[in-house]
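I keep these notes on what I looked up in one structure. The entries follow the order in which I went through it.

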Amino acid sequence: MDSLADCVKEKATMCSTNPFEDTETLEQVSLQSMENRGENLDSAEKSDVIGKLGSELTSVPNGSEEPKSPDGPKSLLKRSSLGRLSSRLRSGLGKDGEGKREQRKSVSEDQSEHRKLSGSELTSVPNGSEEPKSPDGPKSLLKRSSLGRLSSRLRSGLGKDGEGKQEQRKSVSEDQSEHRKLSGPESSVPGDTEEPKSPNGSLPPLKRGGLGRLSSKILSGLRKDGDAKQDLLKAIAEIRAEEVDTPLKHKEPEEPLSVMEIHDLINKGVLEEAHIHLLLLKKELDSEASKTVQEGTQSELLRKTKDMELLCGTLRNKLKSIVKDSLNNSQDLLTEAVQIIVEEDKREYDPSYSEASCLKGPQKWKELWREAVQEGVRDRIANVPIAKREDNQSWLAVHLALLGKSIVDDLESVKTVVQKCYPEDFGVCDTYVSSSHQEVSSHLQKIMQQKLDVNEWYALLNWTINCYESDKIMGNLVLKPEVNTENMDPLLDKDTLENMKTNYSTGLQVQLKQCLENMLNIESEKNWETKDEPEILNGYYHSEIQIDITEMVHRYVTTSREIDTDLEERVLCTCSEELKHFSRHFHNTFMEWRTSSPNSALQKSLSIAYINSFSNIKTEMDKYKEKCPAQIEQLNNELDKVIQDFGAMLLADFIQETEPYFRKLMTKRWLSCEDDFEKIMEIIENHSELYKKMKQPCFQKCVNDIHYSAVKGYVTQIMKKNYSCKNRKHERAAAKIKVESEALRSHFDDMGTTSKWLHSAAQHLGDIVGVKNKRDIKETIQPLVSDFPDISKEHISAVLYFRGITKGPEKQAILRRLQELKSSPEANVNRSRLLFGAIVVPKTNACLSLT
């Protein structure tokens with residue numbers, strides 16, 4: 001086969017040297033050489049030989065100057081005989097040896113077929129249809145190509161110059177040869193190789209207008225004596241560059257597909273083609289509707305209208321499905337769907353279109369799109385994972401975190417991907433943001449219908465108020481500037497937020513009550529039942545309950561403050577109310593345990609520990625007084641009462657311990673025995689050491705209380721009239737009273753008492769008892785009345801009885817003097833210094849003196 005090509009090439013070279021040589025001689029030599037060599041080639045191999053031959057014979061080196069002819073364009077046509085040679089060789093080889101008559105017949109058939117397929121039919125090939133094949137092989141490509149139309153126009157132009165039928169056939173051959181030289185491998189179809197097709201199944205797109213210009217430029221080039229071939233190649237390259245950028249416009253089908261075929265196209269997602277046929281079907285139906293009204297038959301029209309409505313419904317559902325799943329669908333599919341929505345929306349506002357439509361009522365395509373977006377957002381929010389409470393106690397907090405991430409990811413995809421599929425004026429981001437905002441609100445309200453605990457209510461409030469509009473979600477930088485939180489409405493209305501806060505406060509109250517009860521149980525098990533002394537922290541008795549309570553309140557207040565100040569105030573009020581009830585409940589529970597516990601020392605130490613603890617709680621809660629003044633004031637009052645009650649327990653223990661020994665004072669035995677008073681002093685010392693583990697200011701109050709109680713207990717024994725110092729025993733009694741009074745003063749001063757006004761009470765009584773002359777007593781009562789204006793004549797009578805003055809003018813003179821002193825303006829009773837007023841004098845004297 002190569003030798004054959006070489007042979008033909010050699011002869012062709014001779015012809016190219018003499019372009020006026022008869023080309024039939026070359027043709028006959030080539031065919032004869034083929035037969036003589038006995039080479040039986042199939043059509044593919046023959047085509048390959050001719051293809052090589054044509055490309056080699058027609059190649060012109062760059063910059064070479066073509067021979068000019070005085071005849072102008074005609075000489076150029078004569079020089080194109082090599083093109084006619086390759087065409088005739090191809091035709092001859094394709095027919096396997098048929099004669100010259102058959103070759104001319106083939107050319108004539110080719111021209112006839114070309115005229116039939118001229119215009120848009122040559123380039124219009126329905127999608128999916130198989131291209132028609134010709135037994136002539138490569139000639140079928142010529143028929144379907146734009147160059148076929150080019151050859152027709154060239155042939156027509158050459159014919160007008162007076163050339164005969166033979167010159168027309170030569171023009172066709174030249175056209176085919178020139179087409180092979182210029183198109184290169186794209187136009188050659190070797191053997192059984194399948195022709196290249198475009199994605200829609202048609203031939204590679206070539207512009208009809210471009211081919212018109214191509215033929216014009218070829219003719220112009222042929223008429224020039226200059227660089228004709230170079231200009232021709234350049235023109236073709238320019239036209240082909242234009243054709244690459246220009247999409248092929250499909251010809252609108254003359255009649256629509258069937259209803260089922262259109263339905264299948266919609267379901268398969270071939271939306272553009274389905275929409276075209278649907279519009280044709282609708283146009284056809286509208287036309288029939290006007291005729292049917294005139295003819296008066298309605299049944300067939302009704303059936304077709306129902307079919308049309310079915311197809312429109314199917315298309316709407318398909319478009320809605322694509323829009324709903326926009327974040328998962330391909331951009332091409334979404335773009336196609338959006339184009340249909342835009343087109344239909346425009347048609348809906350065209351009065352002539354809507355009036356002639358067989359579909360009554362507006363289709364509302366834009367509204368359909370918004371509904372699809374809304375439903376798509378709703379489905380994506382509903383698909384955010386949510387665990388069960390029994391599987392994860394933090395199920396709601398985890399779900400809300402995932403929800404926030406899903407919102408950001410989806411809106412970012414809308415901004416960067418989905419928005420590009422829509423026209424600029426569609427407001428895609430705004431629609432998605434609005435839909436997301438609305439669906440998130442509905443989603444949260446559904447969650448609120450469940451029975452939530454306080455932690456879940458807090459998670460919901462915190463996400464709604466703090467997280468949603470923050471830079472974590474809607475304020476995220478990746479969503480700006482399309483998403484602007486300043487223009488957004490509140491996620492939940494005021495009533496809903498109020499309901500959420502109320503539920504949170506109520507749940508917090510329940511939780512707080514349970515926590516406090518647990519603390520009490522732990523305290524009783526840890527300290528009461530084990531009978532261990534309380535912990536000592538920094539020298540003071542300490543209870544962990546104060547730390548648990550203050551930390552819990554601080555945590556609740558701090559977390560609620562992070563949401564808003566209104567919730568902080570609610571939480572403070574709730575905590576204050578619960579602590580008020582708890583402090584009293586704690587004290588009562590302790591008192592119940594105290595009655596069943598014989599351990600007096602443990603009771604005292606625990607009482608001091610709780611005095612310290614509740615004092616610290618009061619101090620901590622005072623910090624929130626500005627936020628919730630009324631409730632904090634009520635709590636403080638209750639805490640003061642509880643602290644006083646714990647202090648009263650300590651005082652009651654002191655009184656209970658000292659009372660038996662105080663009763664033995666101011667008796668005959670007392671005059672000669674020191675044991676009872678020493679025991680009292682021992683008890684005071686023990687309490688003093690105990691109180692040192694009590695914090696201020698409670699410590700000071702307790703010291704003052706037992707100081708007052710000790711002085712009162714001591715003075716009360718004189719008022720009881722149990723003993724009368726006769727026979728000059730009053731001097732011994734007075735001396736002892738002064739000694740013991742000094743001991744009390746010294747000890748309580750060491751303890752740090754601030755009730756120093758009590759020191760003089762026993763001293764004044766000792767002075768009165770120690771007066772030798774009865775008549776001088778009325779002069780000594782003045783300091784007593786001055787320091788203790790609450791003293792009465794009953795109290796003075798009792799002192800005189802202890803002195804040994806039971807009756808007589810001396811007693812009456814002393815009582816009159818007392819009345820004078822109490823009537824003076826200086827004798828104002830200081831209610832904070834009531835001592836004798838708290839001591840009751842018996843109305844009758846004891847029958848016998850205690851010994």
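**Entry 1: aspartate 676.** I located aspartate 676 in helix α27. The model is a predicted one, and I keep that in mind throughout. Is aspartate 676 buried or exposed? Its relative accessibility is 6%, and buried means under 20%, so aspartate 676 counts as buried. I then listed its contacts, leaving aside neighbours within four places in sequence: Tyr661, Lys664, Leu665 and Arg669.

Entry 2: I looked up α27 as a whole. Helix α27 runs over residues 675-691, which is 17 residues. From its first C-alpha to its last it reaches 24 Å, close to the 24 Å expected at 1.5 Å a residue. Asp676 is one of its buried residues; others include Phe677, Ile680, His687, Ser688 and Tyr691. What covers the buried residues of α27? I noted that the cover includes the β2 stretch (540-542) and the helices α24 (600-622), α25 (629-662), α26 (668-672), α28 (698-719) and α29 (729-751).

**Entry 3: the nonpolar core.** The largest nonpolar core has 174 residues. Tyr691, from the list of buried residues in α27, is among the members that touch the most other members. Tyr422, Leu460, Trp463, Tyr714 and Phe802 are named with it. I followed up leucine 460. Not counting residues up to four places away in sequence, leucine 460 touches Leu396, Leu400, Leu444, Ile447, Met448, Leu452 and Met500.

**Entry 4: α20 and α21.** Leu460 of α20 and Met500 of α21 both take part in the contact of these helices. The axes of α20 (residues 454-467) and α21 (residues 494-528) come within 8 Å and cross at roughly 145°. I recorded the crossing as left-handed. On the α20 side the contact also includes Trp457, Tyr458 and Leu461, and on the α21 side Lys501, Tyr504 and Gly507. By class, I found 10 nonpolar, five polar and one charged residues in this contact.

**Entry 5: α20 and α22.** Next I checked α20 against helix α22 (residues 544-563). Their axes come within 9 Å and cross at roughly 35°. Tyr458, Leu461, Asn462, Ile465 and Asn466 of α20 meet Thr559, Glu562 and Ile563 of α22. These residues divide into four nonpolar, three polar and one charged.

**Entry 6: serine 583.** Last, I looked up serine 583, which is found in helix α23 (residues 565-596). Serine 583 counts as buried because its relative accessibility is 1%. Leaving aside neighbours within four places in sequence, I listed Phe614, Glu638, Leu639 and Val642 as its contacts.

Notes. Residues are numbered from 1 along each chain as its sequence is written. This is a predicted model: local features need pLDDT of at least 70, side-chain atom pairs count only at pLDDT 80 or more; totals for chains, interfaces and linings use all residues. Side-chain values use heavy atoms; hydrogens and water are left out. Helices (H or I, at least four residues) and strands (E, at least two) are DSSP runs, numbered from the N terminus. The expected span of a helix is 1.5 Å times one less than its number of residues. Buried means under 20% relative accessible area, exposed over 50%, partly exposed in between (1.4 Å probe, protein chains only). Contact means heavy atoms within 4.5 Å. Axes are lines fitted to C-alpha atoms, for helices over the stretch in contact, and angles run from 0 to 180 degrees between N-to-C directions. A crossing is left-handed if the near helix is turned anticlockwise from the far one by less than a right angle, and right-handed if clockwise. Ala, Val, Leu, Ile, Met, Phe, Trp, Tyr, Cys and Pro count as nonpolar, Asp, Glu, Lys and Arg as charged, and the others, Gly among them, as polar. A nonpolar core is a set of buried Ala, Val, Leu, Ile, Met, Phe, Trp, Tyr and Cys residues joined through side-chain atoms within 4.5 Å.
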